[in-house]
Amino acid sequence: MQYLKTYLNTISKRGNIQLAESILKTAEDVGNSYIRNFSFTEHEIGLLFGNIQSGKTSQMFGIICKATDLGFPIFVILTTDNIILQQQTLERVKKDLTGFCICGENDSRLFIDNNLIQPTIIILKKNYRILKLWANIFSSTGFIKGNPLFIIDDEADAASLNTLINTNKQSSINKYLEMIKNTSSSSLYLQVTGTPQAILLQTTSSGWHPYFTYYFNPGNNYLGGDFFFSNNQKQECITFIEKIPNVTRNVVIRHLVVSAQILSSNGTVSNCLFHPSVRQAVHQNFADNIKKEIDWCLSHLNDELISEITSQYETLTPQKTKKQDLTIILNFIKQILLRKEYKILIMNSKSSVDNNEYSSGCNFIIGGNTLGRGVTFPGLQTIYYTRTSKKPQADTMWQHSRMFGYDRDPGLMRVYIDRHLYKLFSDINATNNSIIAQIEHNIQDLKIYYPKEINPTRKNVLDNRYINVISGGTNYYPFAPQNNTIQEISNLLCNFSEKEPYYQVNLRLIQKILQHIIPSPDFKLYAFQSAINTILSESPTNQGILIVRRNRNITQGTGALLSPNDWKLSNSFPTKVVLTMYQVTGNKSWQNQPLWIPNIKLPDNIMYYDVSEENL
């Protein structure tokens, strides 16, 4: 049986030809590059990176089928610790994949009795009791040791990493995942996520840093970060809330108009999401306010509401349906209100909501943390986002971006957000694009950067001993550098005199100069070079600033390298990489020899994160 061909036929028969083509490309790329030459002696780890809600599950299934065709007989799919999500994944595997023995968490007897007669897929929650149980089942089963194990960890950055790394302990889930890996003589562990920050900042020695990373592009009609949060200009779908006098009323009326357009055009669902703080009392307040504004609409059906509806109607530009006449929209809204054909739903740990409750009709949904990973809202067209924290985490914020997806109508989308939060999302999107660009340029050691007010991920999964943070806008130089060849640096700089205060140069020239510096331990030259590589991956012709000064009689260890004028000059280029090269005489230490000493400054207000394992 050809497993990949069978799966692709299943997808194609449903009319998803383009999806089948995308799955084929991902499966063939990953299979031929990383699975075909599997060693059968090692425990290897990789990363499948795709945009939030862009179809990672279908790509995972394609890779499973390709791996089966290449001889892998046992697969474990890990989901977040959510009963509904684990069951949904189990049912989807049964629906989409044929020719496999498919096991849920309680199917150990089925797994053992099958004895690999059919290749096996086991779907487990990342719950330590479940993982411990299956680690014991695997270790007591004779055929596991002699076969490679293929583990696919969906949302691998969420719970799998060691949260006790800085206390020299191991968190339970991380421990049992490692035990499951080690029950076999070899394994391939594929981490899957749309937010890989925590994974990319793992050390290689931890066993959780990927040996390879593969990014798959989203398909047509996907609305993602670039649609909503492009750095170039504010998109039409974004509304800043600062100048709206009654935001909740505006959101409610907007969603009623959009719902009327969708439902009167034979659509089935239109959802609106309110995303305030994590506090449950705030959720209830929002629910009360939504009901209050709906009551206002009911009491103003024939006067002010018509004006408000007309104003919103004029901004609709539906692309998936024909725009309905205003009269039809008005009548449909009256029907929704008078017949109470809407739902106000609170989703938090106190109020559980089944996904069937927002799978049809006009819905207003309010929630906090439960609106994150694994929760998909069909027909989500209106979002009111107010969630804030003192120093937000990029991966958490991005995972709460439930507006991303395929079934949205771009001409009906509306995101209500304040300017500060919009800027944060735009910065996170820029870094996501940087990560993608680095992968597409085959840069193996990916680098991450964010504005100073954003953390890349939660600190408890990062090994503090080996995380370097370089602050943009700060001047760095080595205390005791060496040059591997002074003459080569001099040759590279011979065309740059002190007659000009500075030169605009290609960043690749700056990289070339830095290659001849042997830094002292206090100066993380490799991290600076990696940061410049990151910039070049996004913009290959990016320009920097070069300042050259010769015959400087500077005393080593005085605390500053640059003269006041050069320090001021360097800081006058806040958006550029600035390299200042001082040629010192060596009369005041510096190993008593002339040297070229670099001083480097990266663009301001950015924090560059790097993992250094030199001391491991």
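**Exercise 1. Compare the span of helix α15 (residues 326–338) with the expected one, and find which of its residues are buried.**

Solution. Start with the length: helix α15 has 13 residues, and its first and last C-alpha atoms are 18 Å apart. At 1.5 Å a residue, 18 Å is also what one expects, and the helix comes close to that. Keep in mind as you work that this is a predicted model.

Next, pick out the buried positions of α15: I329, L330, F332, I333, I336 and L337. Looking down the axis, these buried residues stay within an arc of 165°, so they line one face of the helix. On the other side of α15, the exposed residues are T327 and L338.

Now ask what the buried residues pack against. Their partners are α12 (247–263), α13 (280–299), α14 (304–313) and β10 (342–347). Finally, step just past the end of α15: K340 has a positive phi of about 55° there.

**Exercise 2. Classify the geometry of the ring pair W134 and F138, and decide whether each residue is buried or exposed.**

Solution. The structure contains 35 aromatic pairs. In the pair of W134 and F138, the ring centres are 5.7 Å apart, which is within the 6.5 Å limit for a pair. The planes meet at 65°, and since over 60 degrees counts as edge-to-face, that is the class of this pair.

Then place the two residues in the fold. Both belong to helix α6 (residues 128–139), where they are four residues apart, about one turn of the helix.

Last, check accessibility, with under 20% as the cut-off for buried. W134 has 0% relative accessibility, so it is buried. F138, at 1%, is buried as well.

**Exercise 3. Find the residues that touch the most other members of the largest nonpolar core, then follow the contacts of F111.**

Solution. The largest nonpolar core has 81 residues, and those touching the most other members are F111, F228, F229 and I417. Helix α17 (residues 419–440) supplies the largest share of this core, eight residues.

Take F111 next, setting aside neighbours within four places in sequence. Its contacts include W134 and F138, the pair from Exercise 2, along with I74, C103 and I122.

**Exercise 4. Which charged residues lie over the rings of Y189 and Y582?**

Solution. For Y189, the residue over the face is K181, at 5.6 Å from the ring centre. For Y582, the charged end of R552 sits over the ring, 5.6 Å from its centre.

Technical notes: Residues are numbered from 1 along each chain as its sequence is written. This is a predicted model: local features need pLDDT of at least 70, side-chain atom pairs count only at pLDDT 80 or more; totals for chains, interfaces and linings use all residues. Side-chain values use heavy atoms; hydrogens and water are left out. Rings of Phe, Tyr and Trp (its six-membered ring) pair if their centres lie within 6.5 Å; planes under 30 degrees apart count as stacked, over 60 as edge-to-face and the rest as tilted. Helices (H or I, at least four residues) and strands (E, at least two) are DSSP runs, numbered from the N terminus. Buried means under 20% relative accessible area, exposed over 50%, partly exposed in between (1.4 Å probe, protein chains only). A charge sits over a ring if NZ of Lys or CZ of Arg is within 6 Å of the ring centre and within 35 degrees of the ring normal. A nonpolar core is a set of buried Ala, Val, Leu, Ile, Met, Phe, Trp, Tyr and Cys residues joined through side-chain atoms within 4.5 Å. Contact means heavy atoms within 4.5 Å. The expected span of a helix is 1.5 Å times one less than its number of residues. The arc is that of the directions from the helix axis to the C-beta atoms.
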